[in-house]
Amino acid sequence: MAGALGFKGCQKIRGPQIRNLLEAKEFFLFDCDGVIWHGEDAITGAPNVVNSLIRHGKYVFFVTNNCTRPRENYVSKFYRLGFTDVMQEQIFSSSYCSALYLRDVAKVQGKVFVIGCEGMRKELRDAGVPFVEEVDAPDATIYNCALAPDVKAVLVGHDDTLTFLKLAKASCYLRDPDCLFLATDNDPWHPLSGGRILPGSGCLTAALEVASGRKATVIGKPSRFMFECISSQFSGVDPAQCLMVGDRLETDMLFGSNCGLDTMLTLTGVSQMEEAQEYRDSELSHKQRLVPDYVVDTIADFLPAFEELD
């Protein structure tokens with residue numbers, strides 16, 4: 001894969017090269033955690049970068065596999081961390097895109113059974129997609145619990161209150177071959193402070209795939225659907241004019257590759273330069289798709305370029 005500046009993949013760029021890239025691109029897609037913030041702390045310089053891109057007339061979008069909060073809560077977080085120019089319509093989360101898929105693509109006729117968090121339910125509710133809201137009794141088991149008669153889709157995402165009963169019920173619904181099986185994303189884990197990790201939605205999806213003998217349709221990165229959502233809502237989005245900026249090779253860079261976008265890895269998150277170079281040097285074509293076109297230490301490296309553009 002070769003970027004807009006004619007470099008081979010995995011090139012560390014700075015200064016004039018970044019300025020040329022900013023001039024060449026009109027659409028900028030950012031992952032969030034590890035790219036513009038870590039938890040509740042903005043990455044140094046990131047608010048200035050995002051606000052400057054918007055003020056220079058660039059189109060900026062945020063594509064996140066984090067399904068735990070609805071878009072309106074993301075707007076509050078952006079503003080709280082200093083990203084004051086970000087609007088709700090720029091945010092494409094896996095929960096929001098899953099709701100759009102169920103409503104506009106699948107046109108599901110019936111209810112959705114959700115393994116996930118309140119952020120997912122809020123997006124489904126806002127999209128007008130009905131879902132099962134019945135609460136099981138504390139002593140309920142798969143032997144005696146009620147099963148909703150009109151479930152036509154199972155949607156799996158992050159669920160920190162997961163129970164064996166939820167998995168068992170979802171497995172029962174998926175015995176119907178006409179019941180859709182969707183996952184917000186397939187992320188295996190997320191980094192926490194102190195070297196700990198949080199299991200991701202992909203773990204729950206894998207468990208249900210084994211139990212049901214079926215494969216889930218993944219909505220979030222690296223699937224193309226998030227980009228299709230952006231293209232359907234904003235006219236003139238040309239992949240050749242886009243740059244995808246992320247911190248994870250297996251999701252963000254592959255997403256960009258799948259969508260025909262130039263890609264940039266920032267080293268403030270999960271993946272590091274050594275991994276990218278290992279993929280670059282591999283003879284396996286599927287690993288080549290994980291190689292970024294460009295690499296920066298942090299998106300704050302964009303800031304000097306804005307001074308030259310002004």
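Trainee: What does "partly exposed" mean here?
Mentor: Buried means under 20% relative accessible area and exposed means over 50%; partly exposed is in between. Keep in mind that this model is predicted.

Trainee: OK, take Gln241. Which class does it get?
Mentor: Gln241 counts as partly exposed, because its relative accessibility is 27% and the class runs between 20% and 50%.

Trainee: Where is Gln241 found?
Mentor: In the loop between H8 and S13.

Trainee: And what does Gln241 touch?
Mentor: Leaving out residues up to four places away in sequence, Gln241 touches Ala24, Lys25, Glu26 and Phe27.

Trainee: How far apart are Gln241 and Asp262?
Mentor: In sequence, 21 residues; in space, 8.4 Å from C-alpha to C-alpha.

Trainee: Back to H8. Which of its residues are buried?
Mentor: H8 covers residues 225-233, and its buried residues are Phe225, Met226, Phe227, Cys229 and Ile230.

Trainee: What do those buried residues pack against?
Mentor: Several elements. The strands are S2 (27-30), S5 (59-64), S6 (91-93) and S13 (242-246). The helices are H4 (94-105) and H9.

Trainee: Switching to Thr298. Buried or exposed?
Mentor: Buried, because its relative accessible area is 16% and the cut-off is under 20%.

Trainee: Where does Thr298 lie, and what does it touch?
Mentor: Thr298 lies in the loop between strand S15 (294-296) and helix H12 (303-309). Not counting residues up to four places away in sequence, Thr298 touches Ile43, Thr44, Thr266 and Thr268.

Trainee: Now pockets. How much space lies in the largest pocket?
Mentor: About 740 Å³.

Trainee: Which residues lie nearest its centre?
Mentor: Asp33, Trp37, Asn66, His190 and Pro191. They belong to a lining of 33 residues.

Trainee: Which elements supply at least two residues of that lining?
Mentor: Strands S3 (37-38) and S10 (189-191), plus helices H3 (71-80) and H9 (249-259).

Trainee: How does the lining of the largest pocket split by class?
Mentor: It has 14 polar, 11 charged and eight nonpolar residues.

Trainee: What volume does the second largest pocket have?
Mentor: About 330 Å³. It is lined by 17 residues, and Arg121, Glu134, Val135, Asp136 and Lys166 are the closest to its centre.

Trainee: Which element gives the largest share of that lining?
Mentor: H6, with three residues. Helix H6 (164-173) and strand S7 (111-115) each supply at least two.

Trainee: And the classes in the second largest pocket?
Mentor: Eight charged, six nonpolar and three polar residues line it.

Trainee: Let's zoom out. How many helices and strands does the chain have?
Mentor: The protein chain has 12 helices and 15 strands.

Trainee: Why does its radius of gyration agree with a compact globule?
Mentor: Because a compact globule of 310 residues would have a radius near 19 Å, and the protein chain has 20 Å. Along the principal axes, the C-alpha atoms fill a box of roughly 65 × 45 × 40 Å.

Trainee: What share of the residues is buried?
Mentor: Buried residues make up 51% of the 310.

Trainee: Last one. What share of the contacts joins residues at least 24 apart?
Mentor: 73%, among contacts between residues at least 6 apart in sequence.

Key:
Residues numbered from 1 in each chain as written. Predicted model: local features only at pLDDT ≥ 70, side-chain atom pairs only at ≥ 80, totals over all residues. Heavy atoms only, no water. 1 Å grid on protein atoms, 1.4 Å probe; cavity = no way out; pocket = protein on both sides within 12 Å on 5 of 7 lines; lining within 4 Å. Points joined across faces, edges and corners; volume = space filled by probe spheres on them. Helix = DSSP H or I, 4+ residues; strand = E, 2+ residues; numbered from the N terminus. Nonpolar A, V, L, I, M, F, W, Y, C, P; charged D, E, K, R; others polar. Rg over C-alpha atoms; globule rule 2.2 N^0.38 Å. Buried < 20%, exposed > 50% of the residue type's maximum accessible area, 1.4 Å probe, protein only. Contact = heavy atoms within 4.5 Å.
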